[in-house]
Amino acid sequence: MKDKSNSLLKLNRIIFVLAIIGLIIAVYVLQGFLRQAPIVCINTGCEQVRKSASSYIFGIPVPAFGLVGYSLITILAFLRTFSTGKSLLYAILGIASFGFLFVGWFTYTEIFVINATCTWCAISAVIMTVIFILSVKSYMLLKK
Amino acid sequence: MRLTNETKIFIGIIVVTLIIVGLGVFLFSRPEQILSKEDLLPAGTITKGLVSSKVYLVEFSDFQCPACKSFKPIVDEITSTYKDKLYFGYRHFPLTQHPFAQKSAEAAEAANEQGKFWQMYDYLFAKQDDLSDAVIDGGVKELGLDTAKFQADMKSDKVKNKIEKDLADGNKFGISATPTFFLNGKKLNLDQLSDLKTAVEKAIQQPL
């Protein structure tokens with residue numbers, strides 16, 4: 001029992017830290033979108049992605065979705081430090097599942113529609129995928 | 001309300017993150033520095049236009065970089081339209097991810113030793129899709145260069161040192177991508193090709 005709650009605690013810490021990193025990336029990339037300023041990128045894809053119409057959904061820039069998603073996960077992971085209720089984890093799992101599908105869809109769009117990949121988006125996609133895997137793991141632990 | 005240890009750890013993480021981000025923002029938002037003309041146009045830099053122009057533009061470029069090629073017609077246009085109002089300098093910034101960039105820069109410098117830099121510059125950008133040795137040799141013939149001298153110059157220390165200096169300066173000036181333009185010492189942030197022309201024209205029209 002103690003092992004289980006310890007594992008859950010650790011998983012929650014990792015999710016929290018990852019969500020903060022995701023949040024910082026989202027804020028940085030979003031300010032680039034809003035100020036129309038170049039985004040510092042390891043490869044040359046960020047600018048192409050930033051300027052593509054596919055990087056907006058109903059007029060909302062894609063990093064804004066990341067910002068909301070990561071903020072919610074950060075807050076929920078924080079709340080889990082003083083509440084053992086299951087609903088918080090379910091909420092994280094829900095957001096992470098949506099996030100996972102979202103980054104999957106956007107990575108596909110980058111490669112096949114925009115024909116460019118941006119380093120930050122790729123890092124964010126990895127982070128969201130890991131958060132998703134960890135929240136599934138937490139869910140399974142909790143259900144045991 | 002008593003905080004659990006876990007909550008304290010999380011608050012700690014938040015505080016540390018805020019400090020790191022705050023420092024990062026502080027360091028990266030330092031006011032833009034204006035570089036001196038001596039730093040941007042050291043002796044030996046390849047230039048075009050009127051030396052005494054009040055406006056000078058320096059480009060750090062890579063012959064294998066597609067964006068540099070896109071900017072080339074704009075650069076050609078402004079340097080010819082404003083040849084008596086603008087002093088333009090070309091400096092090398094061959095990126096490591098471009099396998100032919102270094103060699104092309106050497107070829108351009110070797111052509112410069114025979115007074116044909118700009119012809120080689122036109123040739124290399126035109127052949128950007130394939131900058132193999134054979135293509136460079138083709139350029140040597142096309143421009144009527146002395147092949148033996150060209151080959152020797154390509155390997156010379158003078159040429160290598162010059163490109164190395166350009167690269168080192170570019171890194172010192174904080175260049176992260178090509179092309180990067182400096183207009184009167186100030187780094188330009190260009191969103192689209194036409195921004196370059198607009199910025200140069202604005203600088204030319206401004207009274208001293």
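## Terms and basis

Buried means under 20% relative accessible area, exposed over 50%, and partly exposed in between, with a 1.4 Å probe and protein chains only. Helices (H or I, at least four residues) and strands (E, at least two) are DSSP runs numbered from the N terminus.

This is a predicted model, in which local features need pLDDT of at least 70 and side-chain atom pairs count only at pLDDT 80 or more, while totals for chains, interfaces and linings use all residues. Residues are numbered from 1 along each chain as its sequence is written, chains are lettered from A and ligands numbered from 1 in the order in which they are written, and side-chain values use heavy atoms, with hydrogens and water left out.

## Helix H4 of chain B

H4(B) spans residues 101-112 and reaches 16 Å from its first C-alpha to its last, close to the 16 Å expected at 1.5 Å a residue (1.5 Å times one less than the number of residues). The helix is mostly covered, with 9 of its 12 residues buried. Among them are Ser104(B), Glu106(B) and Glu109(B). The buried residues of H4(B) pack against S1, S3, H5 (117-126), H6 (133-142), H7 (147-154) and H8 of chain B; contact means heavy atoms within 4.5 Å.

## Sheet of chain B

Chain B has an open sheet of 5 strands with mixed pairing, in the order S1-S3-S2-S4-S5. Two strands pair if DSSP finds at least two bridges between them. S1 (46-49) and S5 (186-187) of chain B are at the edges with a single partner strand each, so one side of each has no neighbour in the sheet.

S1(B) pairs with S3(B), residues 86-92, in the antiparallel sense over 4 bridges. Gly49(B) has Tyr87(B) in S3(B) as its bridge partner.

## Nonpolar cores

A nonpolar core is a set of buried Ala, Val, Leu, Ile, Met, Phe, Trp, Tyr and Cys residues joined through side-chain atoms within 4.5 Å. The largest has 42 residues, and Val49(A), Ile73(A) and Ile131(A) have the most contacts inside it. Elements giving two or more residues to this core include H1 (2-34) and H5 (119-143) of chain A. H1(A) provides the largest share, 10 residues. Another core, of 41 residues, lies apart from it and includes Ile78(B) and Leu183(B).

## Annotated segments

UniProt, in an unreviewed entry, lists residues 9-28 of chain B as "transmembrane region"; such annotations may be inferred rather than shown by experiment, and positions follow the numbering used here, with feature names shortened. In the model, residues 9-28 of chain B are 100% helix and 0% strand, with end C-alpha atoms 29 Å apart.
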